[in-house]
Amino acid sequence: MPASPSSVPRGPLDGIRVIVGVCAGIAAYKAAHVVRGLTERGADVRVVPTQSSLEFVGTATWEALSHNPVRTSVFEDVDSVAHVRLGQEADAILVVPATADFIARARMGSADDLLTASLLVTRAPVILAPAMHTEMWEHPATRENIDVLRSRGVHVIEPASGRLTGRDTGVGRLPEPEAIVQFTQSVLASGERARDLEGSHVVITAGGTREELDPVRVLTNHSSGKQGTALARGAYVRGARVTLVLAGASVEPPAGVEVVRVESAADLSSAVRRLEGEADALIMAAAVSDFTPETSESKIKKREDESGLTLHLTETEDILRGLVERRAPGQRPRVICGFAAETGDEHTNALAHAKRKAQAKGADLLAFNDVSENAFGSDRNELTFLDAHGEIIGAASGSKDEVSHAMLDHVAELLTRDHG
Ligand SMILES: Cc1cc2nc3c(=O)[nH]c(=O)nc-3n(C[C@H](O)[C@H](O)[C@H](O)COP(=O)(O)O)c2cc1C
């Protein structure tokens, strides 16, 4: 039976109007996955390709994927004044891939086709995902154009490093389509917020650690890494340099951030020790194992007598408390944040556990979530923010991108307070 309109599931971008500009780069075909990712989340997508980009991917692809007509010139649909209307109605404009030539035209304020005209008209956020050869990306003209566009508030997703069009490799590759869609979601979730983390280095841990039992088995937890990666994305959207210490997660790392991969609690601790001296803010969002087994060098065999196996686990280091204890007054990280994923028990509710944890750890900010109510792996979250005394200083609920921005508001505020 066909689903009735009321039973159609709502996506996180339901009713959001996104113009996807496509330029004449070899990565144009990847924009098809971006359009699909946006429409699957409920967005109303209008694809506006440049004339040259139609050499790479034709209008039929864009019309079929977006379910909307496709135009490139300001001289089409003249009766509906499309060159003004599209930009006025958009909630965001995303250009993927953005070529060197397009970036130069956008910097100049050209309006010689429908895409550049829409850029001049819109007051919505503009996101560029450049892709080109390393030489073009590093050319002083492109560097200057990017700096000017960023200074005007345009979001530019740093290209990735990897295989380029020919046989060469280097910086200039388009980030993964899923990472571009998620970046767009974070920009939309950031609302009117400015680039208030510009000039700061934010280090974030995410995912769940994996403790090796033997060469084939690990002990781990249910953390998906979605909250920590949403924080990393949010901090990057707000202008920070971001290093993400990612433990064993299968989640797509955000575009534009440096990723350090780790496995165990001990690995994560070493990575944090390496980075803490250069971090302005350090957010510990990873689910770090509290216990670790002794690792067997060979696979532990099944017992013939069915006597079972008893594991002896030892406590791992308390990384958050260690960080706070090591920090000398006025030293980095200037802001230390932790997470408390708690459940209640027969004596104490989850919030009371979190308040106790906040007081014991002494971090500048602790984000508490009640994991008896919020399933791991969910796209939504509910956070309560506590200060070092365990006092509630705020709360947020919504998508993981939305609650990340609410948490980053506190981080940005703490960073300025520390300055003053
Ligand atoms: C095969 C091929 C691949 C290209 N790839 C890129 C690219 O990845 N990035 C880029 O900036 N230009 C690339 N170009 C050059 C642009 O297509 C050219 O600058 C064009 O004028 C850009 O038009 P547009 O910005 O209006 O889309 C490529 C050209 C060709 C022929």
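Q: Which residue is the bridge partner of Glu 342 in strand 17?
A: Asp 370 is the partner of Glu 342 there. Keep in mind that this is a predicted model.

Q: How many bridges join strand 16 to strand 17, and how do the two run?
A: Six bridges link them, and the two strands run parallel. Strand 16 covers residues 335-342. Strand 17 covers residues 365-370.

Q: What sheet do they sit in?
A: An open sheet of eight strands, ordered 12-11-8-13-16-17-18-19. The pairing in that sheet is mixed.

Q: Which are the edge strands?
A: Strand 12 (258-262) and strand 19 (392-399). Each of these pairs on one side only.

Q: What does the twist average from one strand to the next?
A: The average is 20°.

Q: Switching topic. What surrounds the ligand?
A: A shell of 16 residues. The closest are Cys 23, Ala 24, Gly 25, Thr 50 and Thr 99.

Q: Which element gives the largest share of that shell?
A: Helix 4, residues 100-108. Helix 4 supplies three residues.

Q: And the shell by class?
A: Nine residues are nonpolar, six are polar and one is charged.

Q: OK, zoom out. What does the domain assignment give?
A: Domain 1 spans 14-189. Domain 2 is written as 201-299 + 310-419.

Q: What distance separates the centres of the two?
A: Taken over C-alpha atoms, the centres of domain 1 and domain 2 are 34 Å apart.

Q: How many residues does the contact take from each domain?
A: Domain 1 puts in 14 residues, and domain 2 puts in twelve.

Q: On the domain 1 side, where does the largest share come from?
A: From helix 8, residues 177-189. Nine residues of the side that touches domain 2 belong to helix 8.

Q: What classes are on that side of domain 1?
A: Seven nonpolar, four polar and three charged residues.

Q: Last topic, the whole protein. How many helices and strands?
A: The secondary structure comes to 13 helices and 19 strands.

Q: Why call it as compact as a globular protein of that length?
A: Because its radius of gyration is 24 Å, close to the 22 Å that the globule rule gives for 420 residues.

Q: What does the C-alpha trace span along its principal axes?
A: About 75 × 60 × 50 Å.

Definitions and conventions:
Residues numbered from 1 in each chain as written. Predicted model: local features only at pLDDT ≥ 70, side-chain atom pairs only at ≥ 80, totals over all residues. Near = placed C-beta within 6 Å. Helix = DSSP H or I, 4+ residues; strand = E, 2+ residues; numbered from the N terminus. Nonpolar A, V, L, I, M, F, W, Y, C, P; charged D, E, K, R; others polar. Pairing = 2+ DSSP bridges. Axes fitted to C-alpha atoms, helices over the stretch in contact; angles between N-to-C directions. Domains from an automatic or database assignment. Contact = placed C-beta atoms within 7 Å. Rg over C-alpha atoms; globule rule 2.2 N^0.38 Å.
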